Amino acid sequence: MNSSLAQKIRNIGIIAHIDAGKTTLTERILFFTGRTYKIGEVDAGTAVMDWMPQERERGITITSAATYCTWQDHAINIIDTPGHVDFTAEVERSLRVLDGGIVVLDAVAGVQPQSETVWRQADKYRVPRICFINKMDRMGANFVRTVTMIRERLKAKPVPVQIPLGEGSDFQGVIDLIEGKAWAFPEEDASPLELPIPEELREEWAREREVTLEIIAEGDDTFMAAYLEGERVTPEQIRAALRRGTMAAKLVPVLCGTALRNKGVQPLLDAVVHYLPSPLDVPPVSGVNPRTGQEEKRAPSEEEPFAALAFKIVTDPFMGRLAYFRVYSGKIKAGEQILNAARGEKERLGRLLRMHANRREDISEVTMGDIAAVPGLKSVYTGDTLCQPQWPILLESITFPQPVLSVAIEPKTKADQERLGDSLNKLKWEDPTFQVHYDEETGQTIISGMGELHLDVLVDRMRREFSVEATVGRPQVAYRETITLPVRAEGRFVRQSGGHGQYGHVWLELAPRERGSGVEFVESIRGGSIPKEFIPAVKDGVLEALETGALAGYPAVDLKVTLVDGSYHDVDSSDLAFKMAGSIGTKEGLRRARPILLEPIMRLEVVTPQEFLGEVIGDLNARRGHIEGVELEGGIQTIRALAPLAETFGYATDLRSLTQGRATYSMEFYRYHPVPGEQEEAILTRLRGGVKAR
């Protein structure tokens, strides 16, 4: 692929809060680009991108689906991501490998909690994005208010490139602020109709256009010079300056429409081509040479050695294990050998596939900028680097949040018991936020995930895809432990039983850290009291001991462990002895450092009619909730609150009862926070008699 072809590739993701209309928008994009001949509908269960049975039944996206289409001679790889917070890993892994994003916002609800979460994820990976304000035909739609919310809640700099032609039931189309044209969308599948700007809107158009040009000029010296000198700036100059600002993540172009009514989709596709980057516009990707330990870069070029990142593993009923990957540099053909740099394993690429949701087409080679899939790679997991054996590189992997909820699962029959392990392993390959462990005390298998819906879907998939019938226990919260006092603790492991003995001796200092900062191990040995070769073993022992804290066996977090002193024996000291010493010292320190229990706190946003406000707030207070703020908009109250996860089980049912089914809510993980004294004692008493959740 030459550079001019690569310049015409767009790798984009469609991200948003649940129910903002991502999948509906993707289905329209596929139709208008000619990829499908019939529009799929989420509500009717015919959406191409929501192909899993659970997605079609529930009307939500569960797994990110990849597809490919063309528009104006440009190839667009699209990943449609879930909006529900329980499936946030799908958004995380997609943003890691994409060059740009379309953030879909509801014109009535504006910026919602999960909108903020996906925005932060996009910030983390510095993904340029454009906003599409959807559902402009709904009663209560407000373009200006949503743009203001982008500025205030997302701390972004929105640049409207359109204003709506009517709102609510009067919404007909858009007025282009750059071209000075109005576009109406008269029939549901017809081409846009160009109109003159209505006389009554010409003043508003001129005013809004001036504001847009000023915002663009503020961050672009070249454009500002032309603008201030009074030159008549052309649409091409405006778009070029806005593209530069968007790719630098300084500006966010904003468009509007209603995907369900097929209005505004074509101008959005134009904006993808105009403002979002090609693979050539992305900075070189950095990695480490696993042989030398030196940092290396791979420029986005076909001439560079092949390097790709596996971002998703799927168990396909026909193809077996399928690995999705993004190519950052070079090219490779089907049948060639690759190295999995993360695991040091060489494998052969059998077939190469371009995906269209759950359908696929064979391709002979992949090049820089491509997103494709390959079946049959046994050693590859999410976040692994694929490269050529003679030019190894290890790219930065993908980080995922820790599970917050667990349940015990027991197979119903002996046949189910035999299939359970295999099905759990396959689901773990696919989903890095899904964890499994065996509780020795209770003899139960514990599965952990991001929420009730996440675990419910996984159990349903076990039943349908792997024919495993199982009994599932009540959800258990994944608590954590931490310490509140700095302490100094000794760890001594000495064994003598004829011949060589075992000798390991360490002094550790444990100190609390800020909430959310994780665990840090520091080596501060002076004078060689412990040889350097034993320090990794001490670290292993410390980290292993932190996996089961001192209160109720939960992982200990947010603390620093410093190895300050110790002693060794010339003959009897070994890695095992120092690992045991590190573990013993850590456990002793945790016991004496006044440990406390931490619980996951969730951020809730409840939208309710005004007459139920008192009941909803009263119920949240009873759940140990903290009300952060209440906003009134057209008779609808939006309550933003924080509440412990343990108190939110069954909230959907209770909220429906309180509000005659008229309120809705969304929830996302916020942080871990100390459990108040009385509740901690009650929780510990209960936990010591039941199943622990990791």
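Two strands pair if DSSP finds at least two bridges between them. Strands are DSSP runs of E, at least two residues, and helices are runs of H or I, at least four, both numbered from the N terminus. Keep that in mind.

What you see is a predicted model, where local features need pLDDT of at least 70, side-chain atom pairs count only at pLDDT 80 or more, and totals for chains, interfaces and linings use all residues. Residues are numbered from 1 along each chain as its sequence is written, and side-chain values use heavy atoms, leaving out hydrogens and water.

First stop: strand E7. Four bridges link E7 to strand E8, residues 173–176, and the two run antiparallel. Opposite Pro164 stands Val174 in E8. Now widen the view. The order E7-E8-E9-E10 gives an open sheet of four strands, with antiparallel pairing. Strand E7 (162–165) and strand E10 (193–195) are its edge strands, and each pairs on one side only.

Second stop: strand E4, residues 100–106. Is E4 buried or exposed? Buried means under 20% relative accessible area, exposed over 50%, partly exposed in between, with a 1.4 Å probe and protein chains only. Seven of the seven residues of E4 are buried, so the strand is largely enclosed by the rest of the structure. Both faces are covered: one side has Gly100, Ile102, Val104 and Asp106, the other Gly101, Val103 and Leu105.

Who pairs with E4? Strand E1, residues 9–16, runs parallel to E4, joined by five bridges. Ala16 has Val104 in E4 as its bridge partner. Strand E5, residues 129–134, also pairs with E4 in the parallel sense, over six bridges. There, Asp106 has Asn134 in E5 as its bridge partner.
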